[in-house]
Amino acid sequence: GDFPVNWTTNSSGEVVTISGSDEKWLKLSSKGTFSPLNFNKLPENFTFEFDVYASDQYSYYSTFLNIGFVTSKTKTDYTKWSQYTKGDDGVILKIHPQNEGVPKIGRSRVVVVSGKAEILKNEARLSSFNHNQNRVKVQIWRQKNRLRMYVNGEKVWDLPNAFQEVKYNCIVFYTHVYQKTDAFYISNLRLAEAGEDTRHKLIATGTFTTNEILFDFNKATIKSSAKTVLTELGNALKDNPTIKISITGHTDNVGTDQANQKLSEQRAESVKDYLALNFGIEKSKMITFGKGASEPIVENTSEENKQQNRRVEFNIIH
């Protein structure tokens, strides 16, 4: 019923639940701009993901959901971003679950603003967001100038020069006008600093190690937040079908050596199964190992260090 702490808006919004679930969503009001507080710089390499729910039978004439990575010099600069106004610099992504006359297809737009001028603008169809699939996960990946956006795993945008040489330090969501009872809801937001370009790193150097593949505690179940990095890995392997790789799991030192060894093996197998199931990579081209906690890259003296040690290592086999 209340607007969430650590957010700001020039309109209104409230935290709600949907369809009897206890999961909390932020309902975005009409003609509003919404921005999370308490950070002053976006990393040059980051991932940003969130869930979106659009009202059932969302109207073609209702607003796009707009997501912007923008520059802000004052506390109120975020309010410059709306349907008809814009700030100095920003990368704006737009999604909508309805294409006129095509209920099973949505649409997406991208706009890049530099010095208050639009320097890039484009539109694409969006098959993964529609009336039949109106709850989706949006994943955005910045690698310096490059922008990629996925919706439920569908790659929608891959733009090499979307981000300009400015300091992006603010995230904004904004809406225009809803029809009747339409609304957008957002939840499960996660901003994380990202590593290097997976595709380039593995293919160019033959090795890649990441702690962005997260698992449920003490289990081998892959978390949904790992989809971005696994999608890049899967596409890299699909594009290079002759490559054979090893997948090695590593854990921190919490638990017994025997338990950590088994867990690291199971996690490596989970990654292998994921790549085979979702990208058709032949299992014969992937071998798995587990090293448990036997090869830490830093001492397990803090939670941050333990997180670095919980990693998956990929190597091309020659």
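**Close-up 1. Arg109 and its partner Glu123.** Arg109 sits partly exposed in this predicted model, its relative accessible area coming to 29%. Glu123 is partly exposed too, at 40%. Their side chains make a salt bridge, with 2.9 Å between the closest N and O atoms.

**Close-up 2. Asp88 and Lys116, a loop-to-loop pair.** Here the salt bridge runs between Asp88 and Lys116, and the closest N and O atoms are 3.8 Å apart. Asp88 comes from the loop between β6 (65-70) and β7 (90-96), while Lys116 comes from the loop between β8 (106-114) and β9 (117-126), so the contact ties together parts 28 residues apart in sequence. Asp88 itself is partly exposed, with 23% relative accessible area.

**Close-up 3. Glu23 meets Arg135.** These two side chains form a salt bridge at 3.2 Å, N to O. The partners come from distant parts of the chain, 112 residues apart: Glu23 is in the loop between β2 (13-16) and β3 (25-28), and Arg135 is in strand β10 (residues 135-143). Buried or exposed, or something in between? Glu23 is partly exposed at 25% relative accessible area, and Arg135 is partly exposed as well, at 36%.

**Close-up 4. The network around Glu23 and Arg135.** Glu23, Glu49, Asp51, Arg135 and Lys137 are all linked in a network of salt bridges. For the overall tally, the count of salt bridges in the model is 16.

Notes:
Residues are numbered from 1 along each chain as its sequence is written. This is a predicted model: local features need pLDDT of at least 70, side-chain atom pairs count only at pLDDT 80 or more; totals for chains, interfaces and linings use all residues. Side-chain values use heavy atoms; hydrogens and water are left out. A salt bridge is a side-chain nitrogen of Lys or Arg within 4 Å of a carboxyl oxygen of Asp or Glu. Helices (H or I, at least four residues) and strands (E, at least two) are DSSP runs, numbered from the N terminus. Buried means under 20% relative accessible area, exposed over 50%, partly exposed in between (1.4 Å probe, protein chains only).
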